[in-house]
Amino acid sequence: MKIPSSIWTLLIGIGLTLASLWYGQNHGLMPVAASDEADLVDGLFNTMMTVSAGIFLIVEGVLVYCVVKYRRRAGDHEDGPPVEGNVPLEILWTAIPAIIVIGISVYSFEVYNDIGGFDPHAGHQAPITQSSMTMPGAAIAATLNDTPNLNQEKSDEAMQDPATAAVRNADQIPQKQDAPGLGIVSPSIGSSPEKAGKPPELVVNVTGLQYAWIFTYPESGITTGELHVPIGREVQINMTANDVIHAFWVPEFRLKQDAIPGRQTEMRFTPKTAGDYTLICAELCGPYHGAMRTQVVVEPEEAFKKWTQEQLAANSDTLNQAVAVNPTDLTPDEFLAPYTKEMGIQPEMLHHIHK
């Protein structure tokens, strides 16, 4: 019994669809999903893998079929039939990819919106700070054309006498505020539509520099080189850089955001899976770029509170030890004066800081 070609086409189509769906959900290419946003990104990635697997099987299947069926037989020296084209087939293989691309584009737009990428309240217009301009030995990789002329004057002064310039300008560094005149807008990943307008449950300030990450918790005053976040609480990362452009990337969170000198970028995410994950700088920032890594610890709320208390206690002990080094009743600048020459610090700067 000869099976009609239409039945064969239907069976092959069903087989390819099932194989593509299975591979799209079981490819094993992604690391563990450690944030709520990761599930959204994984859904998009799995869809793209499903479509890609289907296209791959169809194209390679047709190629193998044609190689076998239309191969040259022994003794066959004739040319093949002069096929010039097939308009319906050309329309079909143009229309189907166009529909696939449009569909994935719409899906990508929805995912980006759901993770907060189109939050109009995310990101701040922040002035370029003097610390970004006078970092010794650093190369500014960001575009600073919008910097006021005052910054250039301060930068020239810092080149001549960095210590005096730092003292003179310490009180003139503007704090975080809106600065529409500068026109510096940093794209950020804000809150999801469900949490729009709500403040984050935890804020962490992050500074990138060659070649380390520094994390500061404004609520507790803790500063550390390792990021700790609790499960289930929305975290907002406020990022900037001291020297060149860095990129905050945790593969398990499926999120990446640039840290730019003189600007503040933001990123929100909600951790969901406990574990230790690697924070990687994903922007080439210098010869030791590959070593710019640290740990992100996602832990239960109780463990996070315990870690916070330990850090506060450690900071207090460190301060007490530092004070104990000065047993006599000397002022800070008198006690440190013998060391200033060796450290390259001018006495006027030390006096100004303590004053």
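## Basis and overall composition

The model is predicted, so local features need pLDDT of at least 70 and side-chain atom pairs count only at pLDDT 80 or more, while totals for chains, interfaces and linings use all residues. Residues are numbered from 1 along each chain as its sequence is written, and side-chain values use heavy atoms, with hydrogens and water left out.

The protein has nine helices and 10 strands; these are DSSP runs numbered from the N terminus, with helices (H or I) of at least four residues and strands (E) of at least two. Of its 355 residues, 33% are buried, a term that denotes under 20% relative accessible area, with exposed meaning over 50% and partly exposed in between (1.4 Å probe, protein chains only). Among contacts (heavy atoms within 4.5 Å) with a separation of 6 or more, 70% are made by residues 24 or more positions apart.

## The five-stranded sheet

An open sheet is formed by five strands in the order β4-β10-β9-β6-β7, with mixed pairing. The edges are taken by β4 and β7 (255-259), each with a single partner strand, so one side of each has no neighbour in the sheet. On average, neighbouring strands of this sheet are turned by 25° against each other, direction ignored; the axes are lines fitted to C-alpha atoms. Two strands count as paired if DSSP finds at least two bridges between them.

Strands β9 (residues 275-281) and β10 (residues 293-299) pair in the antiparallel sense over six bridges, and Gly275 has Val298 in β10 as its bridge partner. Strand β6 (residues 246-250) pairs with β7, also in the antiparallel sense, over five bridges, and Val250 stands opposite Leu255 in β7. These two strands, β6 and β7, form a hairpin with four residues between them, and Arg254 in the turn has a positive phi of about 65°.

Ile231 lies in the loop between β4 (227-230) and β5 (235-241). With 29% relative accessibility, Ile231 counts as partly exposed. Leaving aside residues up to four places away in sequence, Ile231 touches Pro271, Lys272, Thr273, Ala274, Val298, Glu299 and Pro300. Val297 is 66 residues from Ile231 in sequence, and their C-alpha atoms are 9.9 Å apart.

Helix α2 (residues 36-69) has 34 residues, which at 1.5 Å a residue should span 50 Å; the end C-alpha atoms are 50 Å apart, in agreement. The expected span is 1.5 Å times one less than the number of residues. Buried residues of α2 include Leu44, Met49 and Ala53. The buried residues of this helix pack against α1 (5-25), α3 (87-114), β7 and β8 (265-269).

Glu110 is found in helix α3 and, at 40% relative accessibility, counts as partly exposed.

## Aromatic residues

Rings of Phe, Tyr and Trp (its six-membered ring) pair if their centres lie within 6.5 Å, and the count comes to seven aromatic pairs. Ring pairs link Tyr217, Phe304 and Trp307 into a cluster. Lys69 lies over the face of Tyr70, at 5.8 Å from the ring centre; this requires NZ of Lys or CZ of Arg within 6 Å of the ring centre and within 35 degrees of the ring normal.

Conventions:
Axes are lines fitted to C-alpha atoms, for helices over the stretch in contact, and angles run from 0 to 180 degrees between N-to-C directions. Rings of Phe, Tyr and Trp (its six-membered ring) pair if their centres lie within 6.5 Å; planes under 30 degrees apart count as stacked, over 60 as edge-to-face and the rest as tilted.
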